Amino acid sequence: MSEKSNAKPAVWFWIVSILALLWNLMGVMSYLEQAYMTDEIKAQYTADQLTLMEGIPAWVTAAFAIAVWGGLLGCIALLFRKKWAKPVLMVSLIAILIQMGYSFFMTNAAEIYGPIPGVIIPLFVIIIAIALVQFARIAEKRTWIS
């Protein structure tokens with residue numbers, strides 16, 4: 001039997017949770033765009049970018065999928081005030097670190113995409129994932145999720 005928390009979350013809990021959900025929906029859209037790339041989408045990339053994307057190993061694609069779907073599920077869990085949001089967001093963070101580790105250390109993505117899409121955006125994704133895990137820890141500590 002699970003206990004429902006009686007602690008009323010602060011307004012900022014709801015704002016952050018909704019923004020996090022929207023952020024992760026963008027991640028899901030990015031994943032789906034990559035997984036189901038049409039010729040129209042391929043036309044937006046250079047030959048080097050397409051070669052890099054087509055060479056991504058299945059385990060990196062799997063990490064990408066776990067990262068975005070885990071992030072989405074974790075944010076939904078936050079909105080439903082479920083304690084399991086934290087471990088799901090932690091799994092998502094680990095998957096992000098695996099995915100970005102491949103990109104940073106096993107490819108020349110930064111050279112091909114440039115500094116903003118190749119380095120800055122991936123670092124931003126990592127920072128947000130870490131912040132979401134911390135946010136879930138705070139919510140759990142304040143008994144906003146149970």
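Helix α3 (residues 47-54) gets its cover from elements that include α2 (39-42) and α6 (109-113), with contact taken as heavy atoms within 4.5 Å. Helices here are DSSP runs of H or I, at least four residues long, numbered from the N terminus. The residues under that cover are Gln49, Leu50, Leu52 and Met53, the buried set of α3 (buried is under 20% relative accessible area, exposed over 50%, partly exposed in between, with a 1.4 Å probe and protein chains only). They sit on the same side of α3 because they span an arc of only 160 degrees around the axis, judged by the directions from the helix axis to the C-beta atoms. Ala47, Asp48, Thr51 and Glu54 are exposed, on the face turned away from that side.

All of this comes from a predicted model, where local features need pLDDT of at least 70, side-chain atom pairs count only at pLDDT 80 or more, and totals for chains, interfaces and linings use all residues. Numbering runs from 1 along each chain as its sequence is written, and side-chain values use heavy atoms, leaving out hydrogens and water.

Leu78 touches, among others, Phe13, Leu89 and Phe135, leaving aside residues up to four places away in sequence.

Valine 11 belongs to helix α1 (residues 11-35) and counts as exposed, at 61% relative accessibility.

Definitions and conventions:
Helix = DSSP H or I, 4+ residues; strand = E, 2+ residues; numbered from the N terminus.
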